[in-house]
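Subject: Handing over the structure, with notes on what was found

Dear colleague,

I am passing this structure on to you, and the sequence and the model follow directly below.

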Amino acid sequence: MEKEPFVRKYVSSDADAVRSICIETANPTFKKNKKVLECVPIIYNDYFTQQEPENIFVLDNGDGKAVGYILCSADYNKFIKKNRDIYLRRVAKTYFPSCSVLILYLMQMRKMKKYPVHLHIDILSEYQHIGYGSELINTLCEHLKKSGCSHLSVCGINRNSSAYRFYKKCGFYEFYDCGFNNALLTKKL
């Protein structure tokens, strides 16, 4: 009998699986260069698992293996400082040209100062489009409400993407136009 996937709190033993999911679900543009792809989890994963693991939930396949995750930073100032002081250096050592990706990301974060609690969500393709993304969002929202947060945000979402439609369906709305058909979105908790 196949076990049903479920959402649970992240534990440190999930770190490698979460990092692998980050790489596997990366933007196809990043996958064109092996060195760029090595930087993806440094930019979009390592801060969260190393600095704010309490704000991570995983989709467990029913056998203890993470097949998706949602992670967020609830501490804007710590996020900016640690990325400048630690993760930018790691990216530079791995593949210096990828520093521009992290710098652009941090610049977008400045626009989010009004709604600084932001997320990343990634789910392996075979678990997508069956409601687990919404379940992860709802679980994180409940966790953040209990922590006293008022909004949850996401940055740099292209208006023509399925991600944009997903966030809109989950109750997010635009609060900043990034240009190039990208927007910052937020949701009131």
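The side chains of K3 and D63 meet in a salt bridge, with 3.5 Å between N and O, where a salt bridge is a side-chain nitrogen of Lys or Arg within 4 Å of a carboxyl oxygen of Asp or Glu. This pair links distant parts of the chain, since K3 belongs to the segment before β1 (6-9) and D63 to the loop between β2 (56-60) and β3 (66-73), 60 residues apart. Helices and strands here are DSSP runs numbered from the N terminus, with at least four residues of H or I for a helix and at least two of E for a strand. K3 counts as partly exposed because its relative accessibility is 49%, whereas D63, with a relative accessible area of 59%, is exposed. In these terms, buried means under 20% relative accessible area, exposed means over 50%, and partly exposed is what lies in between, with a 1.4 Å probe and protein chains only.

Before going further, please keep in mind that this is a predicted model, in which local features need pLDDT of at least 70 and side-chain atom pairs count only at pLDDT 80 or more, while totals for chains, interfaces and linings use all residues. Residues are numbered from 1 along each chain as its sequence is written, and side-chain values use heavy atoms, with hydrogens and water left out.

The count of salt bridges comes to nine. Another of them joins D14 to R8, the closest N and O atoms being 2.8 Å apart, and both D14 and R8 are buried. R8 and D14 are also linked with D60 in a network of salt bridges. A further salt bridge is formed by the side chains of R159 and E174, at 2.9 Å from N to O. R159 lies in the loop between β5 (151-158) and α6 (162-169) and E174 in strand β6, so this pair ties together parts that are 15 residues apart in sequence. R159 is partly exposed, with a relative accessible area of 21%, and E174 is partly exposed as well, at 29%.

A charge also meets a ring in this model: the charged end of K9 sits over the ring of F57, 4.6 Å from its centre. The rule for this is that NZ of Lys or CZ of Arg is within 6 Å of the ring centre and within 35 degrees of the ring normal.

Because F30 lies in the loop between α1 (15-24) and α2 (34-51) and Y44 in helix α2, the pair ties together parts that are 14 residues apart in sequence. F30 counts as buried at 18% relative accessibility, and Y44 counts as buried at 19%. The rings of Y47 and F79 have their centres 5.0 Å apart and their planes at 85°, so that pair is edge-to-face. It links distant parts of the chain, with Y47 in helix α2 and F79 in helix α3 (residues 76-95), 32 residues apart. Y47 is buried, at 0% relative accessibility, and F79 is likewise buried, at 0%. Ring pairs link F30, Y44, Y47, F48, F79, Y87 and Y105 into a cluster.

L104 is found in helix α4 (residues 99-111) and counts as exposed at 51% relative accessibility.

Finally, a note on the backbone: most residues other than glycine have a negative phi. The phi of H129, however, is positive, near 65°. H129 is found in the loop between β4 (118-123) and α5 (132-146), and at 75% relative accessibility it counts as exposed. N181 also has a positive phi near 65° and is found in the loop between β6 (173-179) and β7 (182-188), where N181 is partly exposed, with a relative accessible area of 30%.

With kind regards

Definitions and conventions
Rings of Phe, Tyr and Trp (its six-membered ring) pair if their centres lie within 6.5 Å; planes under 30 degrees apart count as stacked, over 60 as edge-to-face and the rest as tilted.
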